[in-house]
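Reader: Please go through the labels used for this model and the rule behind each one. I would like to see values set against cut-offs.

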Amino acid sequence: MMQEEGAGYRFLTFTLGEVFFALDISSVREILDLQDITRIPGAPDYMRGVVNVRGTAVPVMDLRMKFGLGRVEKTLNTRVVIVEITKNEATSVVGAMADSVKEVLELEPEAIDPPPAMGATVRTDFIRGIGKHGGRFILILDVDKVFTSEEILDVARVVEDAARGAESGEA
């Protein structure tokens, strides 16, 4: 999507605990209610497993665990944000668990500050900037750094190996 001259940036906002986060809307494919997640043996703890999205196994990451904020617990508001990441002409799809999804909002460039040098709850290399909206701060995540392609590829390989094992009748 092209950025119109003078227009703000659009973000999907969500919460992890009491903290508001945002992802560039152009990387968000869809938002799902929390469904059964199949655990993948050997995956890092923050990789909760995979979900079935229209017949495709999509890895799901618990952002609270990745950021050291505890674990996303299943509630009526828990959502999985399906994000598309394109790197080196390859597109990967990953789910991100959030305590709740809030809204899509537009922020003007002047309402976004660079990430802080220290003191943030989240590793600052994951943060693209800090937005100000309605009297609160919103941590704008850098999708490419939060969802590194290596992590996604590692989990995707495990999923593919498991699928091949199931097709060949292995347990």
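Author: Begin with alanine 22, whose bridge partner in strand 11 is isoleucine 140. The model is predicted, so local features need pLDDT of at least 70 and side-chain atom pairs count only at pLDDT 80 or more, while totals for chains, interfaces and linings use all residues. Residues are numbered from 1 along each chain as its sequence is written, and side-chain values use heavy atoms, with hydrogens and water left out.

Reader: What makes strand 2 and strand 11 a pair?

Author: Two strands pair if DSSP finds at least two bridges between them. Strand 2 (residues 19-24) and strand 11 (residues 136-141) are joined by two bridges and run parallel, so they meet the rule. Strands here are DSSP runs of E with at least two residues, helices are runs of H or I with at least four, and both are numbered from the N terminus. The chain has 11 strands and three helices.

Reader: Which strands make up the open sheet, and in what order?

Author: The sheet has six strands in the order 8-1-2-11-10-9, with mixed pairing. Strand 8 (100-107) and strand 9 (112-113) are the edge strands, each pairing on one side only. Strand 1 (residues 9-16) is antiparallel to strand 8, with six bridges, and phenylalanine 11 stands opposite leucine 105 there. Strand 10 (residues 127-133) also has six bridges, to strand 11, again antiparallel. Those two form a hairpin with two residues between them, and glycine 134 in the turn has a positive phi of about 55°. Histidine 133 stands opposite arginine 136.

Reader: Why is valine 19 called partly exposed?

Author: Its relative accessibility is 25%. Buried means under 20% relative accessible area and exposed over 50%, with partly exposed in between (1.4 Å probe, protein chains only), so valine 19 falls in the middle class. Leaving aside neighbours within four places in sequence, valine 19 is in contact (heavy atoms within 4.5 Å) with Phe14 and Leu139.

Reader: What makes a set of residues a nonpolar core, and which residues have the most contacts inside the largest one?

Author: The members must be buried Ala, Val, Leu, Ile, Met, Phe, Trp, Tyr or Cys, joined through side-chain atoms within 4.5 Å. The largest such core has 40 residues, and those with the most contacts inside it include Phe14, Leu23 and Phe147. A second, separate core of seven residues includes Ala22 and Ile138.

Reader: How do you know that phenylalanine 14 and phenylalanine 21 are stacked?

Author: Rings of Phe, Tyr and Trp (its six-membered ring) pair if their centres lie within 6.5 Å; planes under 30 degrees apart count as stacked, over 60 as edge-to-face and the rest as tilted. There are three aromatic pairs by this rule. For phenylalanine 14 and phenylalanine 21 the values are 5.8 Å centre to centre and 20° between the planes, so the pair is stacked. Both residues are buried.

Reader: What puts the charge of arginine 136 over a ring?

Author: The rule asks for NZ of Lys or CZ of Arg within 6 Å of the ring centre and within 35 degrees of the ring normal. Arginine 136 lies over the face of phenylalanine 20, at 3.8 Å from the ring centre.

Reader: Where does pLDDT stay under 50?

Author: Residues 1-5 stay under 50 in pLDDT, the predictor's confidence in each residue, from 0 to 100. The chain averages 82, and 78% of the residues score at least 70.
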